[in-house]
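This report describes two interfaces, one within a chain and one between chains. Please look at the structure before reading on.

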Amino acid sequence: MELLATSATTTSLHYAFLPRKGLFGTPVSAGTERRCVRKVGPVKISAKFELKPPPYPTNALEPVMSEKTFEFHWGKHHRAYVDNLNKQIAGTDLDGKSLEDVVVITYNKGDPLPPFNNAAQVWNHDFFWESMKPGGGGAPSGELLQLIERDFGSFQKFSDEFKAAAATQFGSGWAWLLFKDNKLAIVKTPNAVNPLVLEGYPLLTIDVWEHAYYLDFQNRRPDYISVFMEKLVSWDAVSKRLEQAKLLV
Amino acid sequence: MHLSFCETVQIPWLSSSFVPAMAMRSLLSRKTLTSVLLSGPKSMGLGLTAAQSHRSLQTFTLPDLSYDYGALEPAISGEIMLLHHQKHHQTYITNYNKALEQLHDAMEKGDSSTVVKLQSAIKFNGGGHVNHSIFWKNLTPIREGGGEPPKGSLGWAIDTHFGSLEALIHKMNAEGAALQGSGWVWLGLDKELKRLVVETTANQDPLVTKGPSLVPLVGIDVWEHAYYLQYKNVRPDYLKNIWKVINWKYASEVYEKESS
């Protein structure tokens with residue numbers, strides 16, 4: 001295992017703690033990840049966003065969410081958002097800012113600038129992988145469950161409403177559980193829009209872009225959503241986020 | 001507005017090996033609702049009896065393809081064609097019919113807020129039906145002329161407006177690849193300005209939402225379901241290859257009819 005370092009003269013993808021062979025057992029040739037940077041006088045070292053791996057191996061959610069899906073969803077789609085974002089903001093005012101700042105700034109109050117789509121999708125996918133875990137699903141407990149019962153009537157009613165939001169988001173998008181005005185709420189958003197730019201502290205999300213489920217479920221989005229709720233949701237992660245959200249109120 | 005998408009075409013043999021033996025047949029159904037009109041000057045003047053008048057609610061059905069699911073390979077796989085036609089398009093039709101029935105009820109009751117609330121479901125699902133019905137006609141197997149460049153007036157118009165067919169394809173591919181999320185890329189005719197245009201629409205918005213005088217000639221579905229099983233995340237490869245099965249004969253017919 002080795003950590004590839006960024007050099008000042010070439011940009012390269014950061015791989016944190018990956019085997020030399022590459023994530024899926026295919027040899028990674030030294031030439032493929034490096035590309036030339038524009039020479040603009042004195043070399044500037046700029047902060048670059050990295051593709052964070054999910055907090056579990058890419059086969060850990062099998063058979064519910066296949067390794068093949070991760071190969072493309074994380075390995076290609078998420079990676080491309082990171083790469084394209086880095087290219088778009090290099091050398092601009094956004095360079096060096098936090099990802100969340102880039103998302104909010106480029107949302108531009110609803111008239112998004114070009115980097116918004118990539119920035120928001122980088123954030124959304126980081127948040128999505130962390131919303132799931134092997135052996136996930138079931139129901140929450142403790143304070144989170146109490147709030148769900150308070151604000152939705154019951155866990156079943158919450159689950160039905162969340163699943164309905166995910167199923168009825170037309171086209172590409174996401175469904176979210178949020179903490180807003182001291183209450184839990186469910187929203188659905190199109191394309192890359194996320195709660196950072198709406199009001200509310202995000203607690204849980206499900207990706208309903210077709211690429212998230214097409215290899216495993218084809219057109220059967222409702223089946224994907226059901227299985228996500230039953231077997232994938234990391235209620236630990238949701239609870240931790242709720243604790244943080246309450247500190248901000 | 002009376003829309004009819006009931007094609008009377010030969011039912012193709014479903015020859016691809018993975019297609020189940022029982023082919024889905026769609027049947028035309030027509031639901032007729034009768035409502036009693038109160039007698040009044042209008043109906044008397046039209047010669048209708050005061051007692052009755054018919055309002056019929058047409059139910060839409062899945063149009064058949066004029067080619068086998070596997071006939072567009074290798075540009076578009078038979079697996080995709082089957083799912084796209086029998087699942088995705090069918091679902092738009094099912095939901096469109098449901099929304100129209102709800103709309104009909106709401107209109108009869110004078111329930112305006114429901115009428116307005118239903119507009120997005122009608123746009124999504126009706127648009128999905130409109131767009132996909134055009135899409136199936138935009139495609140044809142290579143042996144039926146798929147990919148053969150347009151001749152005649154459309155060919156000339158393309159050269160005039162875009163420089164060449166290659167330039168048009170390049171432009172449509174660039175716009176199709178850049179489209180965020182789900183949508184369509186179109187070659188259209190602006191009937192008012194009498195010129196060709198390239199446009200994109202989001203989700204299932206039909207081309208007419210970009211301009212009332214726009215007529216679709218060629219539409220390419222860039223929703224992920226249109227290509228994902230075969231091309232995965234590489235939408236540009238799908239766009240590059242689909243031109244091999246584009247039915248320019250159909251596009252030319254529409255162009256000639258609409259520009260006369």
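The model is predicted.

**Within chain B**

The domain assignment of chain B gives domain 1 (8-137) and domain 2 (142-259). In this pairing, 20 residues of domain 1 of chain B are in contact with 24 residues of domain 2 of chain B. The rule finds 1 salt bridge across this interface. Asp205(B) forms a salt bridge with Lys123(B), with the closest N and O atoms 3.7 Å apart. On the side of domain 1 of chain B that touches domain 2 of chain B, helix H2 (78-109) and helix H4 (119-138) of chain B each supply at least two residues. H4(B) provides the largest share of that side, 9 residues. By class, that side of domain 1 of chain B has 10 nonpolar, 7 polar and 3 charged residues.

**Between chain A and chain B**

Here 15 residues of chain A are in contact with 17 residues of chain B. Helix H1 (67-89) and helix H6 (214-217) of chain A are the elements that give two or more residues to the side touching chain B. H1(A) gives the most, with 3 residues. By class, that side of chain A has 5 nonpolar, 8 polar and 2 charged residues.

**Buried area**

| Interface | Buried area | Given by carbon and sulfur atoms |
|---|---|---|
| Domain 1 of chain B and domain 2 of chain B | about 2000 Å² | 64% |
| Chain A and chain B | about 1700 Å² | 62% |

Notes:
Residues are numbered from 1 along each chain as its sequence is written. Chains are lettered from A and ligands numbered from 1 in the order in which they are written. This is a predicted model: local features need pLDDT of at least 70, side-chain atom pairs count only at pLDDT 80 or more; totals for chains, interfaces and linings use all residues. Side-chain values use heavy atoms; hydrogens and water are left out. Domain bounds come from an automatic or database domain assignment. Contact means heavy atoms within 4.5 Å. Buried area is the accessible area (1.4 Å probe) that two parts lose on being put together, summed over both. A salt bridge is a side-chain nitrogen of Lys or Arg within 4 Å of a carboxyl oxygen of Asp or Glu. Helices (H or I, at least four residues) and strands (E, at least two) are DSSP runs, numbered from the N terminus. Ala, Val, Leu, Ile, Met, Phe, Trp, Tyr, Cys and Pro count as nonpolar, Asp, Glu, Lys and Arg as charged, and the others, Gly among them, as polar.
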